[in-house]
Amino acid sequence: MTILDGKKVSNDIKNEIKAEVDKMKANGEKVPHLAAVIVGDDGASLTYVGSKVRSCERVGFESTMVRMRHTTSEIELLDKIHELNENDDIDGFIIQLPLPPQINTQRVLMAVDPSKDVDGFHPENFGRMALDMSTFIPATPFGILELLERYDVSTKGKHTVVIGRSHIVGRPMSILMSRKGWPGNSTVTLTHSNTKNITQITSQADIIISALGVPNFLKAEMVKDDVVIIDVGITRVEDETKPKGYAIVGDVDFENVSKKASFITPVPGGVGPMTIAMLLKNTLLAREQRAARK
């Protein structure tokens with residue numbers, strides 16, 4: 001069994017990006033600039049955006065964090081997005097989700113300039129991805145593809161089962177794993193909360209990508225020997241034996257499933273670190289595209 005070490009691979013990617021940025025600096029070129037908009041005071045969102053800012057510093061990017069109060073109206077947020085769209089100094093930006101209830105998330109994501117949409121959430125970028133065209137791939141699916149590629153995991157002709165159909169992970173993964181090329185060329189089954197006999201489906205899978213958000217959902221009896229496991233789930237579970245009083249667990253019963261797997265991602269340290277690394281990669285791509293257009 002091989003651990004798909006997202007922490008190590010993400011560090012490798014950040015080092016590669018830093019080398020590219022160092023070349024830009026040496027040539028007197030503008031370095032990539034990533035902005036993040038956060039509305040409200042959600043603790044997890046603040047922590048996540050803070051780690052993105054630190055990652056930008058590490059690779060030599062410029063970064064801007066735009067903090068807006070939780071009572072911000074949709075009009076105010078759309079005005080800020082328009083401002084970022086028009087700001088030539090900013091190459092890419094993200095809107096940290098979730099947004100407060102008074103704001104229509106879909107309307108907000110639609111307002112982002114697709115050429116700056118480094119999260120890959122705009123319908124134009126999602127459509128380009130579905131059509132196998134060059135675009136920004138959402139960071140978490142992009143990170144999963146990178147892990148599969150760097151560990152030389154075979155996907156051609158394999159049966160991939162995706163658990164969860166979110167627009168951020170499940171749906172794009174089902175499209176990407178069935179595309180021509182590698183990683184891809186697999187036969188995909190997309191399962192979700194209304195799927196019947198899910199064990200019957202997962203037990204036939206060569207590759208399982210679980211993005212359900214239910215702790216320890218996938219058990220050893222639900223998988224076959226030598227399965228490849230990508231665990232996207234991350235949930236805090238109360239655990240008095242831990243110093244912080246909780247443990248971070250994924251969708252997969254790691255202890256038991258890992259005994260049957262050929263490859264598996266840990267939680268934490270698997271898919272999570274890859275998400276930020278690929279957001280940086282998308283931002284580098286956005287800078288290069290903007291430079292080429294000029």
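The C-alpha centres of domain 1 and domain 2 lie 29 Å apart. Domain 1 spans residues 28–113 and domain 2 spans residues 139–272, with bounds that come from an automatic or database domain assignment. The model is a predicted one, in which local features need pLDDT of at least 70 and side-chain atom pairs count only at pLDDT 80 or more, while totals for chains, interfaces and linings use all residues. Residues are numbered from 1 along each chain as its sequence is written, and side-chain values use heavy atoms, with hydrogens and water left out.

According to the record, "domain: Tetrahydrofolate dehydrogenase/cyclohydrolase catalytic" covers residues 4–119. The positions are given in the numbering used here, feature names are shortened, and annotations may be inferred rather than shown by experiment. The span 4–119 is 50% helix and 16% strand, and its end C-alpha atoms lie 23 Å apart. Helices (H or I, at least four residues) and strands (E, at least two) are DSSP runs, numbered from the N terminus. The record's other annotation, "domain: Tetrahydrofolate dehydrogenase/cyclohydrolase NAD(P)-binding", covers residues 138–289. Over residues 138–289 the chain is 31% helix and 20% strand, with end C-alpha atoms 17 Å apart.

Helix H6 takes part in two helix pairs. The axes of helix H1 (residues 6–26) and helix H6 (residues 139–150) come within 11 Å and cross at roughly 100 degrees. Here, axes are lines fitted to C-alpha atoms, for helices over the stretch in contact, and angles run from 0 to 180 degrees between N-to-C directions. H1 and H6 are therefore roughly perpendicular to each other; angles under 35 degrees count as roughly parallel, over 145 as roughly antiparallel, 65 to 115 as roughly perpendicular and the rest as oblique. On the H1 side, Gly6, Val9, Asp12, Ile13 and Glu16 meet Glu146, Leu147 and Arg150 of H6, where contact means heavy atoms within 4.5 Å. By class, this H1 contact with H6 has three nonpolar, one polar and four charged residues. Ala, Val, Leu, Ile, Met, Phe, Trp, Tyr, Cys and Pro count as nonpolar, Asp, Glu, Lys and Arg as charged, and the others, Gly among them, as polar.

For H6 and H10, the axes come within 7 Å and cross at roughly 105 degrees, which makes H6 roughly perpendicular to H10. The H6 residues in this contact are Ala139, Thr140, Phe142, Gly143, Ile144, Glu146, Leu147 and Arg150, and they meet Val271, Met274, Thr275, Met278, Leu279, Lys281 and Asn282 in H10. The contact of H6 with H10 has eight nonpolar, four polar and three charged residues.

Thr275, found in helix H10 (residues 271–293), counts as buried at 10% relative accessibility; buried means under 20% relative accessible area, exposed over 50%, and partly exposed in between (1.4 Å probe, protein chains only). Leaving aside neighbours within four places in sequence, Thr275 is in contact with Tyr48, Ala139 and Thr140. Arg287, also found in helix H10, is buried with a relative accessible area of 8%. With residues up to four places away in sequence not counted, Arg287 touches Met24, Lys30, Val31, Pro32 and Asp91. Arg287 and Ile90 are 197 residues apart in sequence and 8.7 Å apart in space, C-alpha to C-alpha.

Thr155 lies in the loop between H6 and strand S5 (159–163) and is buried, with a relative accessible area of 1%. Beyond four places in sequence, Thr155 is in contact with Leu148, Met177, Trp182, Pro183, Gly184, Asn185, Ser186 and Ile207. The C-alpha atoms of Thr155 and Trp182 are 7.1 Å apart in space, and the two residues are 27 residues apart in sequence. The peptide bond from Trp182 to Pro183 is cis, with omega near -5 degrees, and Pro183 sits in the loop between helix H7 (170–176) and strand S6 (187–191). The bond from Leu97 to Pro98 is cis too, with omega near 5 degrees; Pro98 is in the loop between strand S4 (92–95) and helix H4 (105–111).

Asp132 is placed in the loop between helix H5 (123–130) and H6 and counts as partly exposed at 48% relative accessibility. Asp226, in the loop between strand S7 (207–210) and strand S8 (227–231), counts as exposed at 57%.
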